[in-house]
Amino acid sequence: MVELKTVGEIEAMREAGRVVAAALAAARDAAAVGVTPRELDAVAAAVIADAGARPAFLGYRPEWAPTPFPGVLCVSVNDAVVHGIPSGDPLGDGDLVSIDCGAYLDGWCGDSAISFVVGTANPRDLRLVADTDEALARGIAAARPGGRLGDIGSAIGSFARSRGHGLLADHGGHGIGRAMHEDPDVPNESRPGRGMRLRPGLVLAIEPMLIHGSRGHRPDAGDDDYRHDPDGWTLRTLSGARAAHSEHTVAITEDGPVVLTAA
Ligand code: MG
Ligand code: MG
């Protein structure tokens, strides 16, 4: 069931979103060659605790997961797309890092993700990150009252494909509110003018996950295909190509989309 939020509830979600933005910014600032994802996780955990908020990922266990998630952040490096468990392996020069963070404050959830490169960047990776951010911006711009849910996936998907990128199969955004994952599902590729009508009060996590097209070690694998690590969580490209992820929690208002997880 899709639940619309009041103006006051959206304001409360903005406060949760601020905490998530601050945690991501602190983790981003701490990220460098030689720093471990587990250290970034601790940085984000401290920001969330200081704000009186509660991490949304820690202990989260959807029905498909073999174990509760053990981190505050998802840290997905290089060919890991999303859901990476923060490891103790130091980041290497040129690693492409995606960090995803969720937190609850006063019963409301925020969810956001950023991608970046540590050390000496390969220009191709910078282009993938910039295109993922642009795909997110286009998806957000399409989240307007009077539009349709499919407009968002059309904006994201058509841009990503026009740039030659893959899009992680079977994964997209979601409604968000008192729970991190609410209805509706928000596909990253769809047809414009289709799906539910977008109305003020609808709050969505919009999150493109882009993959370098035809850049992997396995030419037999499709650009969108993935596999899970033995940990049951970390989701990697089947081709071995690198991926980037960018996400904001966005409220649809009478005046258009408002990003609740902006810094
Ligand atoms: Mg997220
Ligand atoms: Mg999300």
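Start at Asp-106, in the loop between β4 and β5. Strands here are DSSP runs of E with at least two residues, and helices are runs of H or I with at least four, both numbered from the N terminus. Asp-106 has a positive phi of about 50 degrees, although it is not a glycine. At 67% relative accessibility, Asp-106 counts as exposed. The cut-offs are these: exposed is over 50% relative accessible area, buried is under 20%, and partly exposed lies in between, with a 1.4 Å probe and protein chains only.

This is a predicted model, in which local features need pLDDT of at least 70 and side-chain atom pairs count only at pLDDT 80 or more, while totals for chains, interfaces and linings use all residues. Residues are numbered from 1 along each chain as its sequence is written, chains are lettered from A and ligands numbered from 1 in the order in which they are written, and side-chain values use heavy atoms, with hydrogens and water left out.

**Stop two: Asn-78**

Select Asn-78, in the loop between β2 and β3 (80–82). Asn-78 is not a glycine, yet its phi is positive, about 60 degrees. Asn-78 is buried, with a relative accessible area of 15%.

**Stop three: the magnesium ions**

Select ligand 1, a magnesium ion. Its protein donors are Asp-100 (OD), Asp-100 (OD), Asp-111 (OD) and Glu-247 (OE), lying 2.0 to 2.5 Å from it. Donors are N, O and S atoms within 2.8 Å of the metal (3.2 Å for Na, K and Ca); water is not among the atoms, so sites may look incomplete. The donor residues of ligand 1 are spaced D-x10-D-x135-E in sequence. Distant parts of the chain are linked here: Asp-100 sits in strand β4 (residues 96–105) and Glu-247 in the loop between β13 (243–245) and β14 (248–253), 147 residues apart. Asp-100 is buried, at 7% relative accessible area. Glu-247 is buried too, at 0%.

Move to ligand 2. This magnesium ion is coordinated by Asp-111 (OD), His-174 (NE2), Glu-207 (OE) and Glu-247 (OE), at 2.1 to 2.2 Å. Along the chain, the spacing of its donors is D-x62-H-x32-E-x39-E. Which residue coordinates both magnesium ions? Asp-111 does, and the ions are 3.2 Å apart.

**Stop four: Cys-101**

Select Cys-101, in strand β4. Cys-101 is buried, with a relative accessible area of 0%. Show its contacts, meaning heavy atoms within 4.5 Å. Leaving out residues up to four places away in sequence, Cys-101 touches, among others, Val-20, Phe-57, Leu-73 and Asp-111. Cys-101 and Ala-21 are 80 residues apart in sequence, but 8.4 Å apart in space, C-alpha to C-alpha.

In soluble globular proteins, nonpolar side chains tend to be buried together. The largest nonpolar core has 25 residues; Ile-152, Leu-204 and Ile-206 have the most contacts inside it. α3 (123–141), α4 (149–162), β9 (203–206) and β14 each supply at least two residues of this core. Its largest share, six residues, comes from α4. A core here is a set of buried Ala, Val, Leu, Ile, Met, Phe, Trp, Tyr and Cys residues joined through side-chain atoms within 4.5 Å.

Centre on Ile-206. Not counting residues up to four places away in sequence, its contacts include Leu-136, Ile-152, Ile-156 and Glu-247. A second, separate core has 24 residues, including Val-72, Val-75, Val-77 and Val-118.

The largest pocket has a volume of about 760 Å³. Of its 37 lining residues, the closest to its centre are His-83, His-171, Gly-172, His-174 and His-181. A pocket is an open set of points on a 1 Å grid over the protein atoms alone, where a 1.4 Å probe fits, with protein on both sides within 12 Å along at least five of seven lines; lining residues have an atom within 4 Å of a point. Grid points are joined across faces, edges and corners, and the volume is the space filled by probe spheres set on them. β8 gives the most to this lining, four residues.

**Last stop: Pro-184**

Select Pro-184, in strand β8. The peptide bond from Asp-183 to Pro-184 is cis, with omega near 0 degrees.
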